[in-house]
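Please look over the sequence and the model below before reading the briefing that follows. Its points are grouped by topic.

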Amino acid sequence: MATKGKSMTIFQRAASSPFYFILYVLLVLLGNVGNFTVIGVVGESILREPGVVRSSDVILVNMAFSNLMVSLVRNTVVMVSDLGVEVYLSRDSCHIMMGIWVWVRSANVWSTFFLSAFHFQMLRRVAPPVINLHGPRGPPKSLIIGFFLIWSLNLVYSLPAFMFSKNGDENSTETLMLMSSTTRPLLGCIWNFPSSYSGLAFATSSMVIHEAIPICLMTFTNLGSLVTLYSHRNMWNSTKKDQDAPVISRIPAERRAAKVILTLNILFISSWGANVISVNYFNYNRGFSTEFLLIIARFANLTFIALSPIVLAVGHRRLRSFIKSVLFNIL
């Protein structure tokens, strides 16, 4: 894509605002520390009890890892850039960074959906899960295959980002925005598609594959989980002494899990929904409020990653205990 010179942008003017910068830094740090805490606490429990691996904990670690990768390789770099540290990568380095940005962001979307889909599948089980009592039990093969597909297929999808990008300079400005990568030139890296049509085609496919479809699937699985819980609750009230009582007695815990996952999905849909609207307005309708909407997109990129660990802590016993102990020691 072409580059052009430009005077001080609204990004730079906004970044000079102390409130804007402090808020951005706090969200970035919250995302880094929060997701690192989720990985450490939940991951430690998985390693400490290798004989009984909870699939939900493994999925939480995978989602937190994808959140942390996006926050470290993208949001933290933006924060450092706002501090005035200007670094311009070579062309080959830009190929790598643009590809990584698209890869980890796309994998992050599907890792979030994977949690919702797993909970929906668990609720639809008629019988409790079978536990192997003879020796250590690792994650189910279906779970491992799911993780492999998420990271490998999204790596394949990100291949154009490894190829169609280039390095610019301090006067470069982006002429195409993707939800999965950038709302401004970063480290001097910008898109370089053969034509504007091919660039818009890739941006549109990114919106459909990594925004619209996951959001629709999340909505479907969450509604399905709520309907399933409602039917189980009615069955529980009418037949408390039925032979399936051990399964149905898990309803209170499953309801708490459903509330946490539903909150995560609402947070995801609202934050990335704002991102989708802002970025596509830039791509298809360069109006007066374009740059203001791109600032909204930058904060929307942060919101889910920064706040999701807090939501998880509300519904996860080990995380709650760890945070309480840390706060008790500090205070």
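Helices (H or I, at least four residues) and strands (E, at least two) are DSSP runs, numbered from the N terminus. This is a predicted model, in which local features need pLDDT of at least 70 and side-chain atom pairs count only at pLDDT 80 or more, while totals for chains, interfaces and linings use all residues. Residues are numbered from 1 along each chain as its sequence is written, and side-chain values use heavy atoms, with hydrogens and water left out.

**Overall make-up**

- The chain contains 11 helices and 2 strands, and along the sequence these elements follow the pattern α-α-α-α-α-α-β-β-α-α-α-α-α.
- Of the 331 residues in the chain, 48% are buried, where buried means under 20% relative accessible area, exposed means over 50%, and partly exposed lies in between (1.4 Å probe, protein chains only).

**Helix packing**

- Two packed helices are described by the angle between their axes and the distance between the axes; here axes are lines fitted to C-alpha atoms, for helices over the stretch in contact, and angles run from 0 to 180 degrees between N-to-C directions.
- The axes of α3 and α4 lie 9 Å apart and the two helices pack at an angle of about 155°, so that α3 and α4 are roughly antiparallel to each other.
- The axes of α2 (residues 18-48) and α11 come within 10 Å and cross at roughly 120°, which makes α2 oblique to α11.
- These terms rest on angle ranges: under 35 degrees counts as roughly parallel, over 145 as roughly antiparallel, 65 to 115 as roughly perpendicular, and the rest as oblique.
- α3 passes α4 in a left-handed crossing, whereas α2 passes α11 in a right-handed crossing; a crossing is left-handed if the near helix is turned anticlockwise from the far one by less than a right angle, and right-handed if clockwise.

- Val 85, in the loop between α3 (55-82) and α4 (91-123), counts as partly exposed because its relative accessibility is 45%; Val 85 and Leu 187 are separated by 102 residues in sequence and by 9.7 Å in space, C-alpha to C-alpha.
- Gly 99 lies in helix α4 and counts as buried, at 0% relative accessibility; between Gly 99 and Leu 159 there are 60 residues of sequence separation and a C-alpha to C-alpha distance of 6.5 Å.
- Gly 31 belongs to helix α2 and is buried, with a relative accessibility of 1%; Gly 31 and Asn 75 are 44 residues apart in sequence and 9.2 Å apart in space, C-alpha to C-alpha.

**Salt bridge**

- The structure holds 1 salt bridge, a term that requires a side-chain nitrogen of Lys or Arg within 4 Å of a carboxyl oxygen of Asp or Glu.
- The side chains of Glu 44 and Arg 48 meet in a salt bridge, with an N to O distance of 3.7 Å; both residues lie in helix α2, 4 residues apart, which is about one turn of the helix.
- Glu 44 is partly exposed at 38% relative accessibility, and Arg 48 is likewise partly exposed, with a relative accessible area of 49%.

**Nonpolar surface patch**

- Phe 322, Ile 323, Val 326, Leu 327 and Ile 330 make a nonpolar surface patch of about 420 Å².
- Patches are made of residues with over 30% relative accessible area and no salt bridge, like charges being joined within 9 Å and nonpolar side chains (Val, Leu, Ile, Met, Phe, Trp, Tyr) within 5 Å; accessible areas come from the Shrake-Rupley method with a 1.4 Å probe, and for residues only the protein chains shown count as cover.
- Phe 322 sits in helix α11 (residues 317-330) and is partly exposed, with a relative accessible area of 37%.
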